[in-house]
Amino acid sequence: MARSALTMTAATFAATAALLLTACGGGDSSPDDIKGAETGASTSSPSASASGAADVKRPDVSLPEDLKLVFDFERPSDAERAAALEDAANYIRALDHGIAQQDPNDPAYQFYSTGGAEKYAKSQIEAWVKDGWTVTGNDRYFNADIDPVGEGKSVLVSFCRNQAKFYSKKVETGKVNYTDENLDSYQKFSLLMSPSEASAAVWQARQIEVQGRVKECKG
């Protein structure tokens, strides 16, 4: 089973970003007000020190031993861009955590996303759970780019994915559905990221586009 693609044009991203610039003027809410922070919260996630203050409670995004996510990203020198990139990776971790936990309402993806990106994560987890599948193998993400959107802090984070060694596994039997590497193995993700209204230390995915069969990612 492969994740379904969600199409969104660059114009849609720009329009969404424009709305965010007017709607997300910042606030004084406590970090604990971030959705998903109140359940299973922990500062021991892979990026707690990299992308947020120590007092921000981050949810558990740990994964099963048989699943490895590799983010082959070069860390930006700019602190805000580095935080946006790291929490974009955390969104991917959270999505797979939800699948592994078989929980469409898992707090992890709710913490790292909102809007269309939150709906996408929920729909993906629901599909895997409904069909009785979980995830296993190695999943690699690479060639990250970060581009500003509008005049605010929102950025568009994009990166390639090689899911050739990322497999579905039946929850009941443990049987793995092995597949051969082909063009379907290569995807491109684009995430509209912006600081959470509750805490500037946390970046959330607002919208997502996933393109399949991307030749440029195959190299």
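## Charges over rings

Start with Arg161: its charged end sits over the ring of Phe166, 4.8 Å from the ring centre.

A word on the model: it is predicted, so local features need pLDDT of at least 70 and side-chain atom pairs count only at pLDDT 80 or more, while totals for chains, interfaces and linings use all residues. Residues are numbered from 1 along each chain as its sequence is written, and side-chain values use heavy atoms, with hydrogens and water left out.

## Aromatic pairs

Rings of Phe, Tyr and Trp (its six-membered ring) pair if their centres lie within 6.5 Å; planes under 30 degrees apart are stacked, over 60 edge-to-face, and the rest tilted. That rule gives nine aromatic pairs. Take Tyr141 and Phe189: the ring centres are 5.9 Å apart and the planes stand at 85 degrees, so this pair is edge-to-face. It joins distant parts of the chain, with Tyr141 in strand S4 (residues 133-148) and Phe189 in strand S8 (residues 186-195), 48 residues apart. Strands (E, at least two residues) and helices (H or I, at least four) are DSSP runs, numbered from the N terminus.

Phe71, Phe73, Tyr141, Phe159 and Phe189 form one aromatic cluster.

## Two helices side by side

The axes (lines fitted to C-alpha atoms over the stretch in contact, with angles from 0 to 180 degrees between N-to-C directions) of helix H3 (residues 79-101) and helix H5 (residues 115-130) come within 9 Å and cross at roughly 30 degrees. That makes H3 roughly parallel to H5 (under 35 degrees; over 145 is roughly antiparallel, 65 to 115 roughly perpendicular, the rest oblique).

Residues in contact (heavy atoms within 4.5 Å) include Tyr91 and Leu95 of H3, and Tyr120 and Trp128 of H5.

## A glycine in a loop

Gly152 is in the loop between S4 and S5. With 32% relative accessibility, Gly152 counts as partly exposed. Its C-alpha atom is separated by 8.9 Å from that of Ser194, 42 residues apart along the chain.

Note on methods
Lys NZ or Arg CZ within 6 Å of the ring centre and 35° of its normal. Buried < 20%, exposed > 50% of the residue type's maximum accessible area, 1.4 Å probe, protein only.
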